[in-house]
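Here is a short report on one protein model. Look over the sequence and the structure first, then read on.

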Amino acid sequence: MLDRIRILAQVVESGSFSRAARALSLAPSSVTRTIDSLEAQLGVPLFKRSTRQLVLTEQGDYFLARSVRLLEEADQLVQSLQPLHEAPSGPLRVSVFESFGAACLSPLLPEFLARYPGIRLEIGFDNHLVDLDADNVDVAIRIGRPTDSGLHARTLLTNRSLLVASPAYLARHGVPGTPEEIAGHNCLIRGQGRQRQHWYFRQGAQQLVRVPVQGNLTSIGGTPLLEAARAGCGLLLLSSWMVQSSLDEGSLLPVLPLWRTSPYEHSDDQILAVFRGGRFLKPQSRAFIDFLVERIPPLQTRESGWPE
């Protein structure tokens, strides 16, 4: 019964029988037979078969809401019987956006694998937004809060966005003295370039300046923008963990350092570990997220003059 309830919970969480099958590494026919058997055992229909969407019946909703508690208690009971120091093992699929994966995650992977030798890690660098169910991904590293209410998220890093440019670019085009002057410069823009973008400048508690920006290079990933900025192609607003080494070596210089800058009006970038199944998170997923929280410290800008 408990195994059937787990499959039911996954079907509801995934939103379809096929996506649930992928998440559980089962054949879709096996998931369908399990739900049919559970309905036969209970003597009530759990899903409304006449609709295009996957909708629980009133009895199905009632049953799932109460059976979830049984699953939680069963998991806690089983966990209490396991050796205290038993390490998680099994497959783990992770998706991370390319720039963060290369700069921050890749150097940590050998330590993670050494700590958890039983975990079989498969990692993909993806600048597109993956579907955790459809792509069978356990953990995705993303910028910004997920819009899907079925996803859970844990903050890994709340970082700064810094406005920078190369010495050569500033020598040719001048150093902006105010945020409004940015509009006259070639700006290297992170995004998809389908609509007019703005950068936001804040000084003090109240003063906020919204500046429209345009330029000849737009990229979802930050690496092409960083290389272009270092080569003197324009102004760049990018995460501190990407530009800090260039600031340290002098290939990039801070621009308007007394202003806090962001591509967002209301917040700085948040880097999140996104996952499904907050109540039934796989042990290897939990181990990976806990490891990242432990090993990715808050980034502090080392360049003097940046506002706190």
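## A proline in a strand

This model is predicted. P91 sits in strand β1, which covers residues 90-96.

E122 is 31 residues from P91 along the chain. Even so, the C-alpha atoms of P91 and E122 are separated by 7.6 Å.

## Two nonpolar cores

The largest nonpolar core has 40 residues. Within it, F100, I141, L236, V243 and F288 touch the most other members. Helix α10, residues 283-295, gives the most to this core: five residues.

Take V243 as an example. Leaving out neighbours within four places in sequence, V243 is in contact with L162, V164, L226, L236, L238 and L252. Another core lies apart from the largest one. It has 18 residues, including F17, A21, V31 and L64.

Rolling a probe the size of a water molecule over the atoms shows where empty space is left. The structure holds one cavity of 30 Å³ or more. The largest cavity has about 60 Å³ of space.

Which residues line the largest cavity? The lining is L188, I189, R190, Q197, W199, L237 and P263. Strands β6 (187-190) and β7 (197-203) each give two or more residues. The largest share, three residues, comes from β6. By class, the lining has five nonpolar residues, one polar and one charged.

Methods
Residues are numbered from 1 along each chain as its sequence is written. This is a predicted model: local features need pLDDT of at least 70, side-chain atom pairs count only at pLDDT 80 or more; totals for chains, interfaces and linings use all residues. Side-chain values use heavy atoms; hydrogens and water are left out. A nonpolar core is a set of buried Ala, Val, Leu, Ile, Met, Phe, Trp, Tyr and Cys residues joined through side-chain atoms within 4.5 Å. Buried means under 20% relative accessible area, exposed over 50%, partly exposed in between (1.4 Å probe, protein chains only). Helices (H or I, at least four residues) and strands (E, at least two) are DSSP runs, numbered from the N terminus. Contact means heavy atoms within 4.5 Å. On a 1 Å grid over the protein atoms alone, a cavity is a set of points where a 1.4 Å probe fits but cannot get out, and a pocket is an open set with protein on both sides within 12 Å along at least five of seven lines; lining residues have an atom within 4 Å of a point. Grid points are joined across faces, edges and corners, and a volume is the space filled by probe spheres set on the points. Ala, Val, Leu, Ile, Met, Phe, Trp, Tyr, Cys and Pro count as nonpolar, Asp, Glu, Lys and Arg as charged, and the others, Gly among them, as polar.
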